[in-house]
Amino acid sequence: MNILQETASLITRDNLRLDADIYRPQTEEKLPVLLMRQPYGKAIASTVVYAHPQWYAQQGYIVVIQDVRGRGTSEGEFKLFTPEIEDGLDTINWVANLPYSNGQVGMYGFSYQGMTQIYAASTRPQALKTVCPAMMSHDLYADWAYEGGAFCLYANLGWAIQISAETARLKGNETAYNALYQASRNLPFFDVIPSNPEVLKIHDPDSFYHDWLAHDQPDEYWQNLSPKLENLDLPMLHIGGWFDTYLRGTLHFYQEMVNRSQHPQHLIIGPWAHLPWGRKVGGLNYGLTASTFIDTLQIQWFDTFLKGKDNPIFHQNRICLFEMGSQDWREFEHWPSSSSLVYYLSTNGLANLREDAGILTPNCPKNPQEDVFVHDPWRPVPALGGHVMYPTGSFDRSNLDCRSDIVTYTSEPLSQDLHLTGDLTVEIYCSADKPSFDLCAVLSEVKLDGSVYNFSQGYQKINLDNSTQNPIFNPEHNINLYQIKLQPTCIKIPQGHCLRLSVSAACFPAYPVNPGTAKPVNQTRLIDYQIITLTIYSGDNFPSRLIVST
């Protein structure tokens with residue numbers, strides 16, 4: 001099929017030009033439109049994860065890839081997310097009325113491109129019939145910028161520098177571009193204020209990054225920036241990855257739409273990072289079945305809602321999850337949460353020094369137990385894989401678990417295969433000698449050869465001055481119960497392998513080093529860092545535990 005390509009422009013309501021590349025089959029038939037709005041240059045068209053727009057056009061669609069305001073060749077000033085509601089509505093009305101369009105519009109895209117779908121759809125444009133948001137969040141504070149109250153340093157800083165570098169390039173500021181480009185290749189984590197590097201303050205003082213740092217609580221700033229869902233109701237295909245930074249947002253948005261929508265909502269999660277979507281993530285190969293088929297699936301979805309064709313997906317359950325370990329896709333009608341398994345923490349007090357000292361056991365120990373470990377900001381526990389650090393995914397962390405500032409609890413070899421599917425939670429009774437500290441929990445599979453591969457983790461920042469973060473307080477012992485939500489998962493752990501929980505007080509540079517002072521992150525200097533001594537309690541009075549869905 002011969003595909004025609006052209007560049008066309010929309011003039012917005014405030015008289016700015018937004019440019020788009022348009023791909024369409026050479027036919028007299030009027031066709032539905034697939035729209036992607038993105039900030040990275042329309043020629044890229046998210047081909048880091050999707051098929052090229054020409055392929056989508058070959059399936060019988062007009063494909064429009066638009067540079068959002070202030071990006072690519074589009075006019076205006078780029079303000080993160082702010083203009084995407086009105087610009088999105090103007091764009092949908094524009095593409096619906098193109099001379100070769102039949103007036104039916106669908107949208108697709110991941111990350112920022114996923115967000116532009118939701119902003120546009122929140123206005124309920126008549127021509128927009130369905131969207132396929134991937135790897136995004138409607139709560140920009142809790143599911144994007146922060147996790148467990150901790151700033152997602154690596155992800156946010158890397159993205160901010162990329163955005164700022166592109167701004168400098170568009171303005172022709174070679175000095176700023178070169179400085180930011182160099183910073184992107186070696187992220188600056190060790191300035192006087194480590195989370196607020198000079199390169200951004202000097203070369204892009206208007207970057208969104210400064211606002212995100214300053215607003216470290218879910219205040220009105222985040223409420224105004226996040227998309228509004230009150231009027232949102234469309235058929236949606238939700239796409240996520242087990243090692244994606246924004247999986248929490250994908251799941252929360254899916255559940256929100258299931259609860260409020262009158263239209264079909266389907267969810268698919270593969271063993272993928274934010275990008276790319278392939279069979280190998282981190283140090284593991286999940287096989288050919290893990291290779292992306294999202295392009296074909298999206299065409300089937302659009303064929304249903306834009307062309308009226310039958311869709312095989314509606315003959316299946318509405319949730320499809322890739323099970324790591326078995327390398328199979330499993331179907332569910334609802335998010336799995338019906339049953340759970342509890343492992344209690346048990347120790348002889350040396351779980352930070354010996355891997356056989358800390359135990360995950362189905363029975364809560366009767367005697368009081370504790371593990372004491374020290375967080376040294378001079379050598380914080382480094383991040384390795386997971387969902388918030390590049391490269392993301394699963395890696396052998398057996399060497400890392402030998403550190404004395406990581407406390408490990410390992411189960412007995414499994415007597416039968418263990419299938420974990422759904423939410424994972426760690427509840428830890430803990431005390432510290434400073435008013436602020438962090439808790440990082442990593443769940444791993446211990447294989448027969450002794451290698452230890454992480455598959456889920458979570459993070460929680462604690463400020464003792466903030467009572468809302470301490471739901472249960474024991475004044476006699478000054479011990480608090482903290483809950484850490486881990487990344488949901490779907491994994492089969494074979495018989496003979498073990499389950500391991502690793503707990504530390506840092507995961508740097510995925511998150512900033514906690515100085516122990518409770519200072520805001522944008523005011524914390526290197527010289528503020530303090531040594532923190534923490535104690536994890538277990539046993540009958542303080543039943544620290546891991547709760548997993550099965």
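Me: Is aspartate 401 buried or exposed?
Reply: In this predicted model, the relative accessible area of aspartate 401 is 8%. Buried means under 20%, so aspartate 401 counts as buried.

Me: Which residue does aspartate 401 meet in a salt bridge at 3.2 Å?
Reply: Let's follow the side chain of aspartate 401, which forms a salt bridge with a distance of 3.2 Å from N to O. Aspartate 401 sits in the loop between strands E17 and E18, and its partner is in strand E24, so the pair ties together parts 99 residues apart in sequence. The partner is arginine 500.

Me: Which residues are linked with Asp401 and Arg500 in a network of salt bridges?
Reply: Good one to look up in the structure! Asp401 and Arg500 belong to a network of salt bridges.

Me: How many residues apart in sequence are the parts tied together by glutamate 84 and arginine 37?
Reply: The side chains of these two residues, glutamate 84 and arginine 37, meet in a salt bridge of 2.9 Å. Glutamate 84 lies in helix H2 and arginine 37 in strand E3, so the pair joins parts that are separated in sequence by 47 residues.

Me: With which side chain does threonine 421 make a polar contact?
Reply: Start with the setting: threonine 421 is in strand E19 and is buried, at 3% relative accessibility. Among the residues touching threonine 421 are Leu321, Arg330 and Phe332. The polar contact, at 3.1 Å, is with the side chain of arginine 330.

Methods:
Residues are numbered from 1 along each chain as its sequence is written. This is a predicted model: local features need pLDDT of at least 70, side-chain atom pairs count only at pLDDT 80 or more; totals for chains, interfaces and linings use all residues. Side-chain values use heavy atoms; hydrogens and water are left out. Helices (H or I, at least four residues) and strands (E, at least two) are DSSP runs, numbered from the N terminus. Buried means under 20% relative accessible area, exposed over 50%, partly exposed in between (1.4 Å probe, protein chains only). A polar contact is a pair of N or O atoms within 3.5 Å; within protein, one must be able to donate a hydrogen and the other to accept it, and residues adjacent in sequence count only if both atoms are side-chain atoms. Contact means heavy atoms within 4.5 Å. A salt bridge is a side-chain nitrogen of Lys or Arg within 4 Å of a carboxyl oxygen of Asp or Glu. Lists of a residue's contacts leave out its neighbours within four places in sequence.
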